[in-house]
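Keep your viewer open and follow along, stop by stop.

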Amino acid sequence: MQYFEDWTVYAREFSSKLIDYLPSFLAAIFLLVFGLWFVKIFTGQIRKLIHKKGYDKTIENFAISLISIGLKILLVILVITQLGFETTSLVAVIGAAGLAIGLALQGSLSNFAGGVLILVLKPFKVGDWIEAKGVQGTVKETSLFYTKLLTFGNQLAIIPNGQLTNDNIINYTAEGKRRAGITIGISYSSNIKLAKDILLNLLNEQEKILKDPAPAVVVTELADSAVNLSVRFWALNDDYWNCSFYTIEESKVRLEAAGISIPFPQRDVHYYDHSKSDNEEVKISLP
């Protein structure tokens with residue numbers, strides 16, 4: 001009987017506290033739902049504004065991520081405060097948790113700092129073809145912690161921002177145009193001037209090769225098996241590869257049509273047959 005009476009007292013006290021606490025709990029739920037809706041609407045409007053201003057896609061993604069995370073953290077603090085927790089205690093708990101998380105996630109914080117540096121220094125933007133950490137690809141996205149590249153084979157490469165900012169970055173598209181330097185070897189017996197004229201005419205007749213700076217063909221090396229010519233020209237990024245592929249293929253066709261040979265590595269071996277004569281020399285050419 002005493003147990004039943006004690007249980008009744010506890011139930012009455014619990015019900016009373018629950019009724020007293022219920023408005024704060026419902027208010028916290030409402031604040032959470034409304035806050036998430038507000039964050040979604042607000043970040044959407046900010047995205048439209050940034051996009052309308054024509055800012056870089058990298059800045060847009062980074063700014064939206066940063067604003068969204070910051071507003072959600074603030075919302076969680078407001079909800080917890082609404083539930084009755086003291087602000088002073090909450091700040092102390094958050095500070096201690098932040099320190100512990102910071103020590104545990106030093107790499108992530110480095111990546112975050114790297115993302116900020118990429119945003120400020122702008123070594124590349126979305127759509128640029130870059131080379132970094134041994135990977136080449138088109139920049140697809142730069143987020144708070146990672147940069148995503150689409151490689152030539154359409155693989156997705158994900159590079160941490162911390163590593164990206166601490167390594168060399170080659171941006172192939174930043175200047176809008178590129179210079180090609182294609183090496184073509186001709187035999188020592190070929191006419192160098194004729195070969196240069198043929199290759200220079202090939203460059204000049206291509207409309208997508210820029211005329212300023214002017215294309216050029218120069219001798220760069222007297223190699224072991226060939227005289228190496230460097231075929232140099234400038235082209236816009238969108239035309240670079242097509243011009244390069246066409247120039248390489250057509251160079252071989254036109255040089256051979258003019259009787260100019262493109263040698264391959266070979267070695268001359270001199271064999272002496274001492275059984276016939278000490279002075280007789282037999283020459284054998286091996287590829």
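Helices (H or I, at least four residues) and strands (E, at least two) are DSSP runs, numbered from the N terminus. This is a predicted model, where local features need pLDDT of at least 70, side-chain atom pairs count only at pLDDT 80 or more, and totals for chains, interfaces and linings use all residues. Residues are numbered from 1 along each chain as its sequence is written, and side-chain values use heavy atoms, with hydrogens and water left out.

Color the chain by burial. Of its 287 residues, 27% count as buried. Buried means under 20% relative accessible area, exposed over 50%, and partly exposed in between (1.4 Å probe, protein chains only). Now turn to contacts, meaning heavy atoms within 4.5 Å. Among contacts between residues at least 6 apart in sequence, 58% join residues at least 24 apart.

**Stop 1: the five-stranded sheet**

Select β1 to β5. These five strands form an open sheet in the order β4-β3-β2-β1-β5, with antiparallel pairing. Two strands pair if DSSP finds at least two bridges between them. The edge strands are β4 (156–160) and β5 (169–171), and each pairs on one side only. From one strand to the next, the twist averages 40°. Axes are lines fitted to C-alpha atoms, for helices over the stretch in contact, and angles run from 0 to 180 degrees between N-to-C directions.

Zoom in on β3 (residues 146–150). Five bridges join β3 to β4, and the two run antiparallel. Pick tyrosine 146: opposite stands proline 160 in β4. Then step into the hairpin of β3 and β4, which has five residues between the strands. There, asparagine 154 takes a positive phi near 65°.

**Stop 2**

Some background first. Most residues other than glycine have a negative phi, and most peptide bonds are trans.

Select lysine 122, in the loop between α4 (106–121) and β1 (129–132). Its phi is near 55°, a positive value in a residue other than glycine. Is lysine 122 buried or exposed? Lysine 122 counts as exposed, at 53% relative accessibility.

Move on to lysine 133, in the loop between β1 and β2 (135–142). Phi of lysine 133 is near 55°, again a positive value in a residue other than glycine. Lysine 133 is partly exposed, with a relative accessible area of 40%.

Next, select proline 213, in the loop between α6 (192–204) and β7 (216–222). The peptide bond from aspartate 212 to proline 213 is cis, with omega near 5°.

**Stop 3: the three-stranded sheet**

Select β6, β7 and β8. They make an open sheet in the order β6-β8-β7, with antiparallel pairing. Its edge strands are β6 (177–186) and β7, each pairing on one side only. Here the twist averages 30° from one strand to the next.

How many bridges pair β7 with β8? Six bridges link β7 to β8 (residues 227–236), in the antiparallel sense. A hairpin of four residues joins these strands. Show two facing pairs: valine 219 stands opposite leucine 229 in β8, and valine 218 stands opposite serine 230 in β8.

α6 lies across β6, β7 and β8, running at about 15° to β8. Helix α7 (residues 240–257) packs on the sheet and touches β6 and β8. The direction of α7 makes about 20° with that of β6.

**Stop 4: the second largest pocket**

Select Gly127, Trp129, Thr138, Phe152, Thr173, Arg178, Asn237, Asp238, Trp241 and Phe245, which line the second largest pocket. On a 1 Å grid over the protein atoms alone, a pocket is an open set of points where a 1.4 Å probe fits, with protein on both sides within 12 Å along at least five of seven lines; lining residues have an atom within 4 Å of a point.

About 260 Å³ of space lies in this pocket. Grid points are joined across faces, edges and corners, and a volume is the space filled by probe spheres set on the points.

Finally, color the lining by class: four nonpolar, four polar and two charged residues. Ala, Val, Leu, Ile, Met, Phe, Trp, Tyr, Cys and Pro count as nonpolar, Asp, Glu, Lys and Arg as charged, and the others, Gly among them, as polar.
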